[in-house]
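Reader: Hi! I'd like to go through this model with you, a bit at a time. Shall we start?

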Amino acid sequence: MDAATLADPARPALSSDAGGAAEDTSLEETTLTGRWRPAAAIVLVAIMVVGTVLRFWTRSPLWLDEALTVDIARRPLSQLHHLLREDGAPPLYYVLLHFWMKVFGTSDEGVRSLSGVLSLLTLPAGWWAARTYGRQHAWAVVVLLASAPFAIYYGTEARMYALVMLLTVLGFVALTRALNRRTPANLLGVALVTAALLYSQYWAVYLVGVLAVWLLWQGRKNQPDPVRRANARWCFGALVVGCILFAPWLRTFFFQSRHTGTPWAGAGNFGAIVSAITGFTDNQATLSAVGSNQGRLLAILYFVLAFLAVFGVARDRWHIDLDLHTRPRTRALAFVVFATLVTAVAGGLLTKSGYSNRYASVIFVPFLVLVAMGLMTLREPRVRAVILLVAAAAGLAVAAQNVTTKRTQAGPVAAVLAAHAAPGDLVAYCPDQLGPAVYRLTSSRGYDQITYPRSTGPDLVDWIDYKAAVHAVTPSSFVHSLIDRAGGHTIWLVYASGYQGYGTRCETIATQLLGALPYGAKNWIIQRPQTYYEPMDLIEYGKSTPPATGTPTGS
């Protein structure tokens, strides 16, 4: 991101900063020789093949976020604005998915394949972005990206995060080129990618803000390099144009900020800066707070290599000095990555908005570029190759878990309903967040389906003033409405505990239904949070249902 050090292929072999240690870059492109070279090529191909396969291979049905995304994207585009006002997301991914489904269908594989393709495109784009630092660095980034469990998981999820990663890489390339040569095409690229990022994920606001601060600093009046000063100012202007392109959506954005937010999660804290990095290294579809050994190993490598990227200066193939002034080559990238994280977490605390590790997708690929820079601090190519192989093996081992990880318990619930429920039976959900995943599997069965708290259908979730809506409807009033609505039909309750803002409301509904009806209940499915990312219970309340005996299934 520094035109002098990131985009200038003619940079000197020895660079130094005032008060900093001189950095010998003449050894950077040391490469493997002899038998190591063909072995490395074979391993590279194997990693690419495995990483590609894993981006399209998962057995789990769609969970809440995916099912809800598909339900929104399949509607006519004329309804998209209204639906996203309720959902709280920006529109670009939904538009792309809308047209993608017209070609590839709405099956789980069809809707997820868009993210898989976007994730694959990030690999050559990542090579292109990192090529500025040298060919070895570029291939290191490709290996890290191909094997990264974070990138692989979101390549299999029908959400916008694979798109965000691709756009950040394209933005990296566009900004680097524009800082080097401020042609209209390069500046237009910066503006368009800026707008696309803002229309894809709202955490991009923090990334764009940090980039704006950095560009203003590079374009300051006393900047000693007049070319860099002028180019930075033009790039800042392109960034502003990208923000202007986002202006038509601003009214919706401000409405979403006031009324939707992230009511399903608590606000983050500054520990999220660390958890964001460790979150890059483990299985995303698990509720376990304890990471895998492979994930811990990968996290250690990420932290150590990122540290070396910022502070490490190689003296020769076997010695590295630490420069507390930081390395000039990595300052800009390190500033953008970590300042974006700090700013985003601080913004979440100020606005009391929820935090999730996936939001950090806006800095994931730049962070991997930084990690690869730390790897290149190790000037002995065999040491680099071994460390890179360990990182790739750990990443692929974690990513392989995604094949069998069960994101939702909707499948077993739908199977029980298919076997035992009749058309006209009433299926109720508490909270409504369980509805989209189950409804996707049961929509053709003729059930009457309703959700708590708003008594709406299960295919969509209205996030507007969500916590107020939850507290506005008492469990007892919902129970009475269910009994009146069911008539003579069986009532099935799909519920789960532990959701933000619900307290024990869903458990209370389950208990009050049993007390209000003159017949028994059977608990067909019990929650298994140790197995499912989205666990749920299923209870049948019916005239022919005897009081529950035995052990319910959790399958």
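Reader: Does Thr326 count as buried or exposed, and at what relative accessibility?
Author: Thr326 counts as buried because its relative accessibility is 16%; buried means under 20% relative accessible area, exposed over 50%, and partly exposed in between, with a 1.4 Å probe and protein chains only. A word on the source: this is a predicted model, where local features need pLDDT of at least 70 and side-chain atom pairs count only at pLDDT 80 or more, while totals for chains, interfaces and linings use all residues. Residues are numbered from 1 along each chain as its sequence is written, and side-chain values use heavy atoms, with hydrogens and water left out.

Reader: Thanks! Where is Thr326 found, and what is its phi?
Author: Thr326 sits in the loop between β4 (319-322) and α15 (328-351). Its phi is near 75°, a positive value in a residue other than glycine. Most residues other than glycine have a negative phi, and most peptide bonds are trans. Helices (H or I, at least four residues) and strands (E, at least two) are DSSP runs, numbered from the N terminus.

Reader: And Asp465, what about its phi?
Author: Phi of Asp465 is near 45°, again positive in a residue other than glycine. Asp465 lies in the loop between β7 and α20, and at 36% relative accessibility it counts as partly exposed.

Reader: Which residues does a cis peptide bond join?
Author: Cys430 and Pro431 are joined by one, with omega about 0°. Pro431 belongs to the loop between β6 (426-430) and α19 (435-442). The bond from Tyr452 to Pro453 is also cis, with omega near 20°, and Pro453 is in the loop between β7 (448-451) and α20 (466-472).

Reader: New topic: how many cavities of 30 Å³ or more are there?
Author: The structure holds 5 of them. On a 1 Å grid over the protein atoms alone, a cavity is a set of points where a 1.4 Å probe fits but cannot get out, and a pocket is an open set with protein on both sides within 12 Å along at least five of seven lines; lining residues have an atom within 4 Å of a point. Grid points are joined across faces, edges and corners, and a volume is the space filled by probe spheres set on the points.

Reader: What lines the largest cavity?
Author: That cavity holds about 170 Å³ of space. Its lining has 16 residues, and Gly171, Phe172, Leu197, Leu207 and Leu211 lie nearest its centre. Two or more residues each come from α8, α9 (184-198) and α10 (204-218), with α8 giving the most, 5 residues. By class there are 13 nonpolar, 3 polar and no charged residues; Ala, Val, Leu, Ile, Met, Phe, Trp, Tyr, Cys and Pro count as nonpolar, Asp, Glu, Lys and Arg as charged, and the others, Gly among them, as polar.

Reader: Is α8 itself enclosed or exposed?
Author: Helix α8 is largely enclosed by the rest of the structure, because 17 of its 20 residues are buried.

Reader: What about α16, how many of its residues are buried?
Author: 15 of the 15 residues of α16 are buried, so this helix is largely enclosed too.

Reader: Last one: what volume does the second largest pocket have?
Author: The second largest pocket has about 650 Å³. Of its 24 lining residues, Leu32, Ala40, Ala41, Gln136 and Ala385 are the closest to the centre. The largest share of that lining, 8 residues, is from α1.
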